[in-house]
Structures are given as structure tokens and as C-alpha cells.
Amino acid sequence: YLSYWKNGPVAEALDFLIHTKKAVVGGTSAGMAVLGEACFSAQNGTVTSEEALSDPYGEKVTVEYGDFIHVPYLDNLITDTHYDGRNRYGRHVAFLARLTTDHQQRFRGIASEEYTAVCIDTTGLARVFGGFPESEDYAYFIQPNCNQPIFPEHCMPGKPLNWVRHEHALTVCKVAGKQDGSDTFQLTDWKTAPGSTWERWWVEQGVLKKAVLHKLPECVLDKH
């Protein structure tokens with residue numbers, strides 16, 4: 001899709017709408033995938049979680065950064081969609097590992113389930129809409145744990161990803177999508193999310209693992 005959108009009329013129109021007209025811009029599937037400053041370009045086709053975790057530098061893991069559109073609050077961030085239905089948790093983590101390794105800086109992620117929408121206002125407040133509790137509709141807000149080195153232990157071509165960091169490589173907030181959008185996540189501090197569930201994720205030898213996080217790391221709580 002980037003072959004048609006980037007460096008042409010679509011990119012110019014999006015830039016005008018976002019930065020000049022200040023219009024509401026959103027997307028589904030590939031349209032959401034390009035909203036972050038980094039994105040999965042799919043130039044060699046799609047990639048599964050198993051493929052991406054087993055080799056974060058495989059030919060299908062095509063990740064781009066900083067050369068398309070720039071949306072407020074989505075800098076140094078990559079999105080993913082169809083999260084649960086297509087089991088994309090692992091590949092999203094692999095994208096984050098690649099970006100963090102290649103650019104030696106902190107990247108974050110936002111993802112949504114199949115029937116879930118994340119709507120961000122001008123103050124950076126993200127409201128999550130969906131059919132919860134009748135259906136398991138969630139959005140995920142993912143960030144490296146800042147208490148330790150944020151980089152993967154092993155992220156290299158031809159090898160499975162290792163991003164363990166004491167079984168807390170990533171801090172993840174799981175926000176339910178309700179019809180009224182009452183559950184929220186604040187993108188200005190990446191910690192304020194009343195009533196949401198927090199998890200810790202890590203990857204061992206190409207296998208993504210998760211656990212409930214009962215207390216946020218102090219460095220997250222201290223953010224301003």
C-alpha cells in the first residue's frame with residue numbers, strides 16, 4: 001500500500017488534512033498501520049507472528065520509519081491491527097524489537113482487536129470503543145520497561161528474538177473497548193488508564209510470553 005500512498009497525492013492530502021486543516025483522520029487495517037511514525041510496509045507480503053519472532057530480519061519483516069505521515073502523539077510508535085483474530089501480538093513485538101535495535105531509541109506500540117477503535121483527541125486522550133463485555137474487544141498500549149536497558153538481548157538476522165529483561169521487557173496496558181468509549185489511555189504520560197489491566201510481556205527464543213502486572217514500574221509512575 002505504501003507504493004501507492006507515499007511520495008504522491010495521497011501523502012500530500014493526508015499531510016494537509018492533519019497539519020493544516022486539522023481534520024479527523026483515521027484508518028482500518030492498512031489505514032491504521034500507517035498512522036504511526038513507523039509502520040510495517042508489507043512490501044514482501046504479510047508476515048505471521050511465528051515468522052517474525054523466529055527471524056526479526058526475515059525478508060517479510062519490512063519496517064519503515066519516519067518517511068511517510070506524522071500524526072500528533074504517534075511519533076516513535078508503530079501500530080498493528082486484527083490483533084487477536086490473526087494472532088499478531090508476536091509480530092508487533094518483533095517490529096518493536098527491530099525498530100528499537102536499528103535506531104537505538106525507545107519505540108512504543110498501539111494495537112486493536114478486530115472490532116475495536118482507538119480515537120485520540122487533541123489532548124492526547126485515547127478513547128477505546130468496542131463491544132465489551134459482550135465481546136472481547138481491547139486495545140493495547142505497549143512500551144519497553146524503563147527500569148532496565150530497553151534493548152533486546154538478541155535481535156539479529158537469522159536468529160530467534162530474545163527480549164527477556166528479567167521477564168519484563170515490555171509494559172502493556174490492555175484497555176477494554178466499550179460502546180461509550182468510557183475506558184481511556186493518556187498518551188501524554190503513557191500511564192493514566194483508569195480501570196484497565198496491565199501486563200508484562202517478554203520473548204524467549206522466539207516465543208512470546210505474558211503475565212499480569214500487579215504494580216507499575218516506578219519509572220513509569222514517575223513520568224511527567
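A disulfide is a pair of cysteine sulfur atoms within 2.5 Å. The structure holds one disulfide. This is a predicted model, in which local features need pLDDT of at least 70, side-chain atom pairs count only at pLDDT 80 or more, and totals for chains, interfaces and linings use all residues. Residues are numbered from 1 along each chain as its sequence is written, and side-chain values use heavy atoms, with hydrogens and water left out.

**The disulfide**

- A disulfide is a covalent bond between the sulfur atoms of two cysteines.
- The bonded cysteines are C146 and C219, with sulfur atoms 2.1 Å apart.
- The link of C146 and C219 is right-handed, with 95° about the S-S bond.
- The pair links distant parts of the chain, 73 residues apart: C146 lies in the loop between β7 and β8, and C219 lies in helix α6.
- Helices (H or I, at least four residues) and strands (E, at least two) are DSSP runs, numbered from the N terminus.
- C146 is partly exposed, with a relative accessible area of 26%.
- For relative accessible area, buried means under 20%, exposed means over 50%, and partly exposed is in between (1.4 Å probe, protein chains only).

- C39 counts as buried because its relative accessibility is 5%.
- C173 is in no disulfide, and the nearest cysteine sulfur, that of C146, is 14 Å away.
- C173 also counts as buried, at 0% relative accessibility.

**Helix α6 and E218**

- Helix α6 covers residues 218-221 and contains E218.
- E218 has a relative accessible area of 42%, so this residue is partly exposed.
- E218 and R91 are 127 residues apart in sequence, and their C-alpha atoms are 28 Å apart in space.

**The largest pocket**

- A pocket is defined on a 1 Å grid over the protein atoms alone, as an open set of points with protein on both sides within 12 Å along at least five of seven lines; a cavity, by contrast, is a set of points where a 1.4 Å probe fits but cannot get out.
- Lining residues have an atom within 4 Å of a point.
- The volume of the largest pocket is about 890 Å³.
- Grid points are joined across faces, edges and corners, and a volume is the space filled by probe spheres set on the points.
- The lining has 31 residues, and V25, G26, L35, V118 and I120 lie nearest the pocket centre.
- Elements that give two or more residues to this lining are α2 (9-20), β4 (108-112) and β5 (117-120).
- Which element gives the largest share of the lining? That element is β5, with four residues.
- By residue type, the lining divides into 16 nonpolar, 11 polar and four charged.
- Ala, Val, Leu, Ile, Met, Phe, Trp, Tyr, Cys and Pro count as nonpolar, Asp, Glu, Lys and Arg as charged, and the others, Gly among them, as polar.

**Backbone features in loops**

- F132 and P133 are joined by a cis peptide bond, with omega about 10°.
- P133 is in the loop between β6 (125-129) and β7 (138-144).
- A42 is not a glycine, yet has a positive phi of about 55°.
- A42 sits in the loop between β1 (38-40) and α4 (49-54), and counts as partly exposed at 24% relative accessibility.
- H166 is not a glycine either, and has a positive phi of about 60°.
- H166 is found in the loop between β7 and β8 (170-176), and counts as exposed at 72% relative accessibility.
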